[in-house]
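This briefing accompanies the structure shown below. It takes up backbone geometry, domain layout, helix packing and the chain interface in turn.

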Amino acid sequence: MAITDTVDEPAAVSGGTRPRAGQFLTWLGVAPFMIFALLFLILPTAQLMVGAFQDAQGHFTLNNIARLFTDDILSAYWISFKVSFVSAATGAVLGLILALAAIQGGLPAWVRPTLMTFSGVASNFAGVPLAFAFLATLGRIGLLTALLRQYLDFDLYGTGFSILSFTGLTLTYLYFQIPLMVLIIAPAIDGMKTEWREACESLGGSGWYFWWHVALPILFPSILGSALLLFANAFGAVATAYALTGSSLNIVPILLFAQIRGDVLHDQNLGYALALGMIVVTGLSNAGYIWLRARTERGRA
Amino acid sequence: MTRTTSRIGAWIAMIVGSLYFLLPLAATFLFSLKMRRDALSFDAYKVVLTDPQFQATFGYSTLMAVLTIVSGIVLVAPTAFWIQLKLPRLRAVVEFITLLPLVIPAIVIVFGYLKMYNSSAWLPLTAHERSTDFLLVASYVTLSLPYLYRSIDTGLRAVDVRGLTEAAQSLGAGWGGILLKVILPNVKSAILSGAFLTFAVVIGEFTMASLLSRPAFGPYLQLIGANRAYEPAALAIIAFLVTWASMGLIQVFARNGRAKRKAA
């Protein structure tokens, strides 16, 4: 990989012995970090990616990749995609509205820092405890479920709703997706100048006109980029889904978890291919995020 | 749309948002108090807090979090300092590497560890408990790289690293002295924010600990959730308070850092 190239470079640099030794020492300064990254991040991932293209004897094969396209695994990817997509899109829209309301809505000054702090907490309040909170609220014996039945005579589970379902999981993911959106999009909203709005108003543009034709086009790359980040965030999440639904919902991270735990696919190399598929999905959406962010920053400069 | 109607819209958004975010917390808290049939009580908390398993796993995860924070800082702070001072052309590469854990899902990273360090591999780290603990800390350092590097790098950019280093060198300080006595105190608040964020991420982490089979707090939470009714709610509230405390401390240190910089 490129990293080893850069570390090896000083040996190839020509020149006197003194500067070469000095430069070697300079590069040595980042050696611990590079070695750590290589051992605990890059090589383990690279090994999986190689394993995805090998059979049990270590020969090259595309068979593992081909077997990803079976009904069972495709449906896992599809459900994962839907949960991530819906939670990212909804999270992006709702997070944007909340951030706009707090920053540009003319609310009291304490609203914004309160929302930001809470978002910091809630975006990190993922995993097992979050699943517990939603079970206690909207589970079959959850408090809200009970209150709705007792006071409004409304049987939530009679409507086909279940916290263990697609809808339930998406609703739960929103609890960290919306705050994450608020945190990522806030700087972009701050970047909108008040002059733009004033200019729009002095030319006779209405509030709606400003939002639809000025603010939204400016913010759009940031919104899309953030949504891609939220998508990747949801796609890789294991703990919340596992604690909430056990193995009842067939999504990729849970399938992979079960595979690592107990070899449910009866084929280690198929597991590697599954992992490779996850990296491809999260990698593509992150690349999209980075590309869009670079574009916005260039546009602003 | 006038300013007043947009303000009303903003209030509505805030109120609906607050409801969505506060309702599960309130419901979970109330639920956690209902362990006794006839009255509200803190029984679930009593049961949880006196459970030896809770104490053991929480203690274990706290220890892992502290080890992660210390090794993370030792790894990241000198690197960020060195990049700033001597190797700015490597900045993009290092930044890219620190962002990789956001791209590669945790479950994939730990799967890679199990392949690379299994008991028949060249470096069988998963063969012994202590070496698996080491692997767990390494995985947590990896997970926290994006937060830790970013917060320390931002802190370093705000101070004149080159000037400080040259001044210290001309007074005869060595590299260790410069890092510990000159640079570190200047980015203390940045390092502390990174540390508390790391703590919040690591303390209840489930995927890594579970797949490496370590007795951490995350897997314990999951186990209780699968077998009990009221205790999980109490644990969720405790976990939320721990996260809240970590974030609150970040705010405090960030404010102190700003105030100090302003005074200087």
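**Backbone, domains and contacts**

A:Asp153 counts as exposed, because 7 C-beta neighbours lie inside 10 Å and a residue with 12 or fewer is classed as exposed. The model is a predicted one.

**Positive phi values**

- Most residues other than glycine have a negative phi.
- A:Asp153 has a positive phi, near 55°, although the residue is not glycine.
- In chain A, the loop that holds A:Asp153 runs between α8 (143-151) and α9 (166-190).
- B:Ser213 is likewise a residue other than glycine with a positive phi, near 55°.
- The position of B:Ser213 is in the loop of chain B between α10 (207-211) and α11 (217-227).
- B:Ser213 is partly exposed, because 13 other C-beta atoms lie within 10 Å, a count that falls between the limit of 12 or fewer for exposed and that of 20 or more for buried.

**Domains of chain A**

- Chain A is assigned two stretches, domain 1 (2-51) and domain 2 (64-300).
- Taken over C-alpha atoms, the centres of domain 1 and domain 2 of chain A are 37 Å apart.

**Packing of α3 and α9 in chain B**

- In chain B, the axes of helix α3 (residues 52-85) and helix α9 (residues 188-203) come within 9 Å and cross at roughly 140°.
- The two helices, α3(B) and α9(B), are therefore oblique to each other, since angles over 145 degrees would count as roughly antiparallel.
- The crossing of α3(B) and α9(B) is right-handed.
- On the α3(B) side, the contact residues are B:Ser61, B:Thr62, B:Met64, B:Ala65, B:Thr68, B:Ile69, B:Gly72, B:Ile73 and B:Ala77. They meet B:Ile191, B:Ala195, B:Thr198, B:Phe199, B:Val202 and B:Ile203 of α9(B).
- The residues of this contact between α3(B) and α9(B) comprise 10 nonpolar, 5 polar and no charged.

**Contact between chains A and B**

- The contact between the chains involves 66 residues of chain B and 63 residues of chain A.
- Helix α1 (residues 3-32) of chain B gives the most to the side of chain B that touches chain A, with 16 residues.
- By residue class, the side of chain B that touches chain A has 48 nonpolar, 14 polar and 4 charged residues.

How values were computed. Residues are numbered from 1 along each chain as its sequence is written. Chains are lettered from A and ligands numbered from 1 in the order in which they are written. This is a predicted model: local features need pLDDT of at least 70, side-chain atom pairs count only at pLDDT 80 or more; totals for chains, interfaces and linings use all residues. Domain bounds come from an automatic or database domain assignment. Helices (H or I, at least four residues) and strands (E, at least two) are DSSP runs, numbered from the N terminus. Axes are lines fitted to C-alpha atoms, for helices over the stretch in contact, and angles run from 0 to 180 degrees between N-to-C directions. Angles under 35 degrees count as roughly parallel, over 145 as roughly antiparallel, 65 to 115 as roughly perpendicular and the rest as oblique. A crossing is left-handed if the near helix is turned anticlockwise from the far one by less than a right angle, and right-handed if clockwise. Two residues are in contact if their C-beta atoms, placed from the backbone, lie within 7 Å. Ala, Val, Leu, Ile, Met, Phe, Trp, Tyr, Cys and Pro count as nonpolar, Asp, Glu, Lys and Arg as charged, and the others, Gly among them, as polar.
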